[in-house]
Amino acid sequence: MDPNQRIARISAHLNPPNLDDQMVDGSGLNRVGCRAKGGSPGFKVAILGAAGGIGQPLAMLMKMNPLVSVLHLYDVANAPGVTADISHMDTSAIVRGFLGQPQLEEALTGMDLVVIPAGVPRKPGMTRDDLFNINAGIVRTLSEAIAKCCPKAVVNIISNPVNSTVPIAAEVFKKAGTFDPKKLMGVTMLDVVRANTFVAEVMSLDPREVDVPVVGGHAGVTILPLLSQVKPPCSFTQKEIEYLTDRIQNGGTEVVEAKAGAGSATLSMAYAAVKFADACLKGLRGDANIVECAYVASHVTELPFFASKVRLGRCGIDEVYGLGPLNEYERMGLEKAKKELSGSIEKGVTFVKK
């Protein structure tokens, strides 16, 4: 390959592949789609909202994941800069950037996994419902593009309020005739990550060895940690149970207040999102016994969506697990969670149908 062709291939890392074929850069070189020599086979992943507070660390961590072969970074602003920055990392994933609505469909075509952190973050004093009107519209638009361009992709939704945005995506997919309940998941992994961390602190354990099931939803009282089912088995006083439950439910508020107007939980959310995305990719690869909590279409309760443990596989969700035995405190918490969740789900469904 001559030097000009090599330069053209390098430049193609930073630009949408189809547009590149029609473009000539300042040096007069036609840009072509490129693949890093020796790049490992893997999955194609798109991040929608890649230039935001969650999107940037999420994109960086996904670039480090050996299961990712192609990483598409989409946003309505600043996507070229984030793409240029992350593309310099010496890992095998090919990074391409996509800017604005005209390039959204191209960003999504052929993707195996789509992760959506797009939307506005919470600020002090805001509830997740305060975010609803802005983020609901964003998720609807992105879901319409997914239904058109990669209807078989696994979709991970981070955009808050997750309790409503997942039902919004589901309704959009139903309208398009592409809804597959096995492939749509709301990311509640941050609640699990926090629960593991906080329980480990109280019990003087390594958080990597702790597994706390967190069920329900992803806001306030809908977040229900099942402390009676912690692994390894732990015995808590009632005071510890109340302290841990409250802290896990209000972990997001804790970060928002600590940042004093400068943002919300972006770094821990990106970590949790990548942890969950990695589990999805391992499932798609065919790894056995990949079990995580997620907010999904569910028959575990009378509600159409609910977070519980799911087993991930080649088709997305292979199995949705029930709640297991609950103690009295957890049963009371479950009733509170369901009451709150019901309204949030209805709000999402109504948003698309109106």
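A salt bridge, as I use the term today, is a side-chain nitrogen of Lys or Arg within 4 Å of a carboxyl oxygen of Asp or Glu. What you see above is a predicted model, in which local features need pLDDT of at least 70 and side-chain atom pairs count only at pLDDT 80 or more, while totals for chains, interfaces and linings use all residues. Residues are numbered from 1 along each chain as its sequence is written, and side-chain values use heavy atoms, with hydrogens and water left out.

A search of the whole structure finds 13 salt bridges, and one of the pairs is Lys309 with Asp211, whose closest N and O atoms are 2.9 Å apart. Lys309 lies in strand β10 (residues 305-313) and Asp211 in the loop between α8 (189-203) and β7 (214-216), so this pair ties together parts that are 98 residues apart in sequence; helices (H or I, at least four residues) and strands (E, at least two) are DSSP runs, numbered from the N terminus. Lys309, at 21% relative accessible area, is partly exposed, and Asp211, at 27%, is partly exposed as well, where buried means under 20%, exposed over 50%, and partly exposed in between (1.4 Å probe, protein chains only).
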